[in-house]
Amino acid sequence: MKYLDEYRDPALARHLLDELRATATRPWRIMEVCGGQTHTLVRQGIDELLPAGMRMIHGPGCPVCVTPLETLDRAMAIAARPGVTLTSFGDMLRVPGTGTDLLSLRARGADVRVVYAPMDAVRLAARHPDREVVFLAVGFETTAPANATAVLHAARLGLTNFSMLVSHVLVPPAMTTLLDDPDCEVQAFLAAGHVCAVTGWRAYEPIAARYRVPIVVTGFEPLDLLEGVLMAVTQLESGRHEVANQYARAVRRTGNTAAQDAVRTVFQVTDRAWRGIGTLPASGLELTEEYTRFDAARRFAVRDLSPAEDPSCIAGAILTGARLPTDCAAYGTRCTPRHPLGAPMVSSEGTCAAYHAAGRVRSQP
């Protein structure tokens, strides 16, 4: 399969590892921002094959994991109402809210449905004008264009029974928040290739210059990640701090301008809460005034809730890379993929799920 098997070649992987070992003279610390990259690194054992002392720090790049608890609680409050159909991608259904999750709510009779694209929810609303259809719109810049397109299409159809519960977040503000932390150990970033396929990488250039950190736009296969790490280390060793593009087969500096235009039409930048991290300024998207009629939080008046995290979950520290899943006392015992305490154990991009799937266990005290 083109662009898949070629990027899993073990001989090339060994060559890149040899080159990395020959290049690195210090124990550099590099953060991969994307949860999909985390899963590849952990599943393939790449993080354990790096030169001695070099460490990958797993960042807050799982869209399911960073969706704030209050958004989940709002979704459940809306779904519990009669006459409402709440639609979502499947990986959101088992994310724990305060006391329950959407899957359990569906088992108790709520009309919660899995869709594969936001346009599915629009079509559902068009077919069922007697029901309120709500789409749970979460994710980074990657999913924003499709969600914007769905709103534009609903507006063209004149639908009055379709709305979105929006919880979009943006990558660059999260990176700068991490770098502003005096305890931050990150010396370089692997940026998420799919995000940059939409946005390009121009927004990363001021970050690289201001904080003097290399940023390498990277794909998701083993060779992508190994080459991305090598490109970052090469810059670190030479004292450079630029934005480089490893994922040239999919990403351009300017990104997808048509997608960007759709997002700017429907959404505007706002402060946004991140699960386990807190509210970050200008780190999210909300519907513009022209499209607030599609805002489910306003339509159903579910803004004032009192979410409560499980006190034993250290998701915030894991999402910022300060702790590893195996540092959590609940990991693999009270918290498992079947019975998760926090979102990182649920999502297909969650760090805890990646560690658990790879069979990594806590060190015995």
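Predicted model: local features only at pLDDT ≥ 70, side-chain atom pairs only at ≥ 80, totals over all residues.

Biologist: What volume does the largest cavity have?

Modeller: About 80 Å³ for the largest cavity.

Biologist: And which residues line the largest cavity?

Modeller: The lining is made of C313, I314, A315, I318, P325, C328, Y331, C335, G342, P344, M345 and C352. By class, the lining of that cavity has 11 nonpolar residues, one polar and no charged.

Biologist: How do the residues of the pocket lining divide into nonpolar, polar and charged?

Modeller: The pocket lining has 12 nonpolar, four polar and two charged residues.

Biologist: You mentioned helix 13. At what angle does it cross helix 8?

Modeller: Helix 8 (residues 144-157) and helix 13 have axes that cross at roughly 60 degrees and come within 8 Å. That angle makes helix 8 oblique to helix 13, and the crossing is left-handed.

Biologist: Which residues meet there?

Modeller: From helix 8 you have A144, P145, A148, V151 and L152, meeting A259, A262, V263, T265 and V266 of helix 13. The contact of helix 8 with helix 13 has nine nonpolar residues, one polar and no charged. V263 in that contact is also one of the residues closest to the centre of the largest pocket.

Biologist: Switching to helix 1 and helix 12: how do their axes cross?

Modeller: The axes of helix 1 (residues 10-23) and helix 12 (residues 222-238) cross at roughly 15 degrees and come within 10 Å. Angles under 35 degrees count as roughly parallel, so helix 1 and helix 12 are roughly parallel to each other. Helix 1 passes helix 12 in a left-handed crossing.

Biologist: And which residues meet between helix 1 and helix 12?

Modeller: L12, A13, L16, L17, E19, L20 and T23 in helix 1 touch L223, L226, E227, V229, L230, V233, T234 and E237 in helix 12. The contact of helix 1 with helix 12 divides into 10 nonpolar, two polar and three charged residues.

Notes. Residues numbered from 1 in each chain as written. Heavy atoms only, no water. 1 Å grid on protein atoms, 1.4 Å probe; cavity = no way out; pocket = protein on both sides within 12 Å on 5 of 7 lines; lining within 4 Å. Nonpolar A, V, L, I, M, F, W, Y, C, P; charged D, E, K, R; others polar. Points joined across faces, edges and corners; volume = space filled by probe spheres on them. Axes fitted to C-alpha atoms, helices over the stretch in contact; angles between N-to-C directions. Helix = DSSP H or I, 4+ residues; strand = E, 2+ residues; numbered from the N terminus. Parallel < 35°, antiparallel > 145°, perpendicular 65-115°, else oblique. Left-handed = near helix turned anticlockwise from the far one by under 90°. Contact = heavy atoms within 4.5 Å.
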